[in-house]
Structures are given as C-alpha cells and as structure tokens.
Amino acid sequence: MVSTTSEGLTIVERLRRQLSPHMDIEQYEIMKPPRDVIAFRGRVRGETSSAFDRMSQAFKALGYTAMLRDWEDDRHAVLAVQGVQEEESSNPWVNVALFLATLLTVLFIGASNALLYARDIRGVDVSLDMTSVLTHLHWGIPFAAALMGILLAHELSHYFVARRYGSPVSLPYFIPMPNLLGTMGAVITQKAPMRDRKALFDIGVAGPVGGLLIAIPLLLVGLSLSSVQAPPSGIEGALQEGNSLLYIGAKYLVFGELLPSNGQDVWIHPVAFAAWAGLLVTMINLIPVGQLDGGHISYALLGRKAWTLGYALIAAMFGWGGFLLLRGNQAGGFWALWGFMNLILNRKHPPPLNDVTPVGRGRVVGGIVMLVIFILTFMPSPLRSITF
C-alpha cells in the first residue's frame, strides 16, 4: 500500500466500488502517482471475458481504461489507466490520395513488366524507354488490378474484422514506391490496444486469408497465361522468383510437371507475378514476430512466450540471410534487412487490454491451420538474380 492525496483516494474508492462486484480485491497499488495508473489485485469472479466487459464500461464512465492481467497463483491484476481512447475522425482523402498514387506507380511498373514480357517471351518488337511505357500504360492494368486487388482484400479483411470488434483502426494507407512492384504494400493503423486475445487472433488471421482468397485464383489464371521454356536467346540474366510449396503445387497443377526442370522454367505473365507477390506478402506477414499478422496470432495463442519466439526468429533471419549471402545468393540481403527492421521496429507485441481470457480450442486449431499456410507459402529464397 502507498499513500496519496485525498483526491487520489477518492478516485481509488470510486474505482474499487465499480470493480468489487466483479473481483475479490485483496490489495491495490498506485503505480503512477498521483492517479494515472492504479493496480487492483485479487481474483476475478466468474468468466473473465464478460467480467472484463462490465468493468471496462464502469471504468470508462470514470475516465479510465481497464486492463486485465494474470497475477501470481492464478489470480488477476486489473490496471486502471487514466484516459479513454475516443474514436478519432480521420481524413479519408489522405487514404484516397495514397491509393491513387500507388495505383499510378503500380500501373507504371505493370506496363514495364508487360512490355518486357512481350519483347522477351512473345517476340513483340517493342522498346522499353520511358515514352514507350507511358504510351502503353494501359498494358499495366492486368498487373495493377491483380496486385492492388490482393493488397486491398488483405487490408480490408483486417479493417472489417477490427471494426466488428470495435477496435479503432484506420482505413488502409497504401505506400507508393518505385520498386519491383511499384508499392511497399499497405497498412492500417491501430489507435488503441486490441480488446482481447480473441480479437487479436481474428484480426491477425483475417488479412492473410482474405489476400489468399484473391491471390490463389489469380495465380492459376496468371500461370495459364505464362510460358514454360528455356531462357530465350539473347537474354543473359533474369530475376528468379522464389519457390514455395504452394507455388510449386500451382505450377504442377497448371503445367503438369515440377518446375524448374531440364533447363526450363516458367516465364511468368505479369498477372502471375502479381499473384506470386501476393503469396510473398502473405508469407512475410505470417512470420510470428512483433505486430506482423503472425505476431498477432502467436501472441493470441502463446501470450508473452511469443516474445521469446519472436526474438528467436529474428536471430534465424540474420543467420539464414548470412548463410545465403556467403553462398552468393542475393536473397540473403532480404532476410538480413527484414531481420534488422524487425529488431529495431517490431520486436515485441503489446498485450491486449484483456490479456487473461484464452482464445479457446477452435482458435487453437485455426492457429495450426495458419502455421500450415505459413509453411506452404514460405520461400527460403524469395527473389534473386541469375545469369545464363
């Protein structure tokens, strides 16, 4: 116990009265004076999820946010944190502007890819200068529609599930970038901690599932438009997309053989490249680190043990990246960079407000399914340059 001002004691008593119908309170502690964070310890009565809902509403009326944590000997701690996260209005025109800017960069890259494919694989007499790309910008529509559709499905799946749980999230922010895809993807911002582990799991699962539902059919369509052959004459090198079990299976389904083999490989159509990129995005997001989708899922299932798993996987990214680089495989740079970014920016997943209520057996099974999907989409060497 600690002492505080009479005003502080007044709010403590009011919080105690609101909490006592739901919890046998054994002690309290003002963790951040004068009354910013107050911890009540004891045992929550009955089912923790419904009890947390009731105490959250009661605390909100007093201007506090409730957080539920495990304490020693199967008991609980309820933190009362001063302040309530209100729904903030955002300017949707920012999201629209970024979407349109990203659409333009993806359209430009798509037109460049389409011209390159037409020249090298179809034997069409076209040039690849800036003027030709701009005059053939409409050739980039299939690539842009496929890639933007996959990314939009991924992010909107997160968004609508989050809104169903009442989580204050933003609309997707697309990121234009003049790289191989024309974009760095899209993100939605979470403006407050998630409600509980069930919400954490469902929101984390929604994006990869939504994206794959679009990416897999597009991959099959794109592969059917692609060509299987040896490297065309006059081409000295190319970028080789990484194989995953899912990608190998899709190629076998369309072409009836395991590729690459016998000096032949798939020279993928821009739609297939966009769909392959969707598989790559899914794989990256399912890595169980920090606040990636896989990090949401692993924390929902494992709690704070997921932090240890995340650190181990960051170390594995550095190790695998270094191994590939020593073997002359440029894909090692991808893993080293991704490991560094997660180490600096995304090491630990923050707990949800209710960090006690388990997700239930159904979501544990769902977690196993998502692990299988991660294994099927995993690409040891995502993208590398090769010479013929």
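I will start with a pair of neighbours, Asp 120 and Arg 119, whose side chains meet in a salt bridge with an N to O distance of 2.8 Å. Please keep in mind throughout that what we are looking at is a predicted model. Asp 120 counts as partly exposed, because its relative accessibility is 22%, and Arg 119 is likewise put in the partly exposed class, at 36%.

In general terms, side chains of opposite charge can pair when their charged atoms come close.

The next one joins Arg 363 to Asp 202, with the closest N and O atoms 2.9 Å apart. This pair links distant parts of the chain, since Arg 363 sits in helix H12 while Asp 202 sits in helix H6, 161 residues apart. Which of the two classes, buried or partly exposed, does Asp 202 fall into? At 17% relative accessibility Asp 202 counts as buried, the cut-off being under 20%, whereas Arg 363, with a relative accessible area of 23%, is partly exposed.

The other one is between Arg 75 and Glu 26, where the closest N and O atoms are 2.4 Å apart. Here too the pair links distant parts of the chain: Arg 75 is in the loop between strand E3 (64-70) and strand E4 (76-82), and Glu 26 is in strand E1, 49 residues away. Arg 75 is buried, with a relative accessible area of 13%, while Glu 26, at 42%, is partly exposed. Both residues belong to a network of salt bridges that also takes in Glu 72 and Asp 73.

Let me return to helix H6, residues 197-224, and look at how the helices pass one another. The axes of H6 and helix H8 (residues 270-285) come within 8 Å and cross at roughly 150°, which means that H6 runs roughly antiparallel to H8, and the crossing is left-handed. Helix H5, residues 141-164, also approaches H8, with axes that come within 7 Å and cross at roughly 25°; these two helices are therefore roughly parallel, and their crossing is right-handed.

Finally, helix H12 again, this time for the surface. A nonpolar patch of about 810 Å² is made by ten residues that include Leu 245, Leu 301, Val 364 and Leu 376. Helices H9 (293-302) and H12 (361-377) are the elements giving two or more residues to the patch, and the largest share, 6 residues, comes from H12. Val 364 lies in H12 and counts as partly exposed, at 40% relative accessibility.

Methods: Residues are numbered from 1 along each chain as its sequence is written. This is a predicted model: local features need pLDDT of at least 70, side-chain atom pairs count only at pLDDT 80 or more; totals for chains, interfaces and linings use all residues. Side-chain values use heavy atoms; hydrogens and water are left out. Patches are made of residues with over 30% relative accessible area and no salt bridge: like charges are joined within 9 Å, nonpolar side chains (Val, Leu, Ile, Met, Phe, Trp, Tyr) within 5 Å. Accessible areas come from the Shrake-Rupley method with a 1.4 Å probe; for residues, only the protein chains shown count as cover. A salt bridge is a side-chain nitrogen of Lys or Arg within 4 Å of a carboxyl oxygen of Asp or Glu. Helices (H or I, at least four residues) and strands (E, at least two) are DSSP runs, numbered from the N terminus. Buried means under 20% relative accessible area, exposed over 50%, partly exposed in between (1.4 Å probe, protein chains only). Axes are lines fitted to C-alpha atoms, for helices over the stretch in contact, and angles run from 0 to 180 degrees between N-to-C directions. Angles under 35 degrees count as roughly parallel, over 145 as roughly antiparallel, 65 to 115 as roughly perpendicular and the rest as oblique. A crossing is left-handed if the near helix is turned anticlockwise from the far one by less than a right angle, and right-handed if clockwise.
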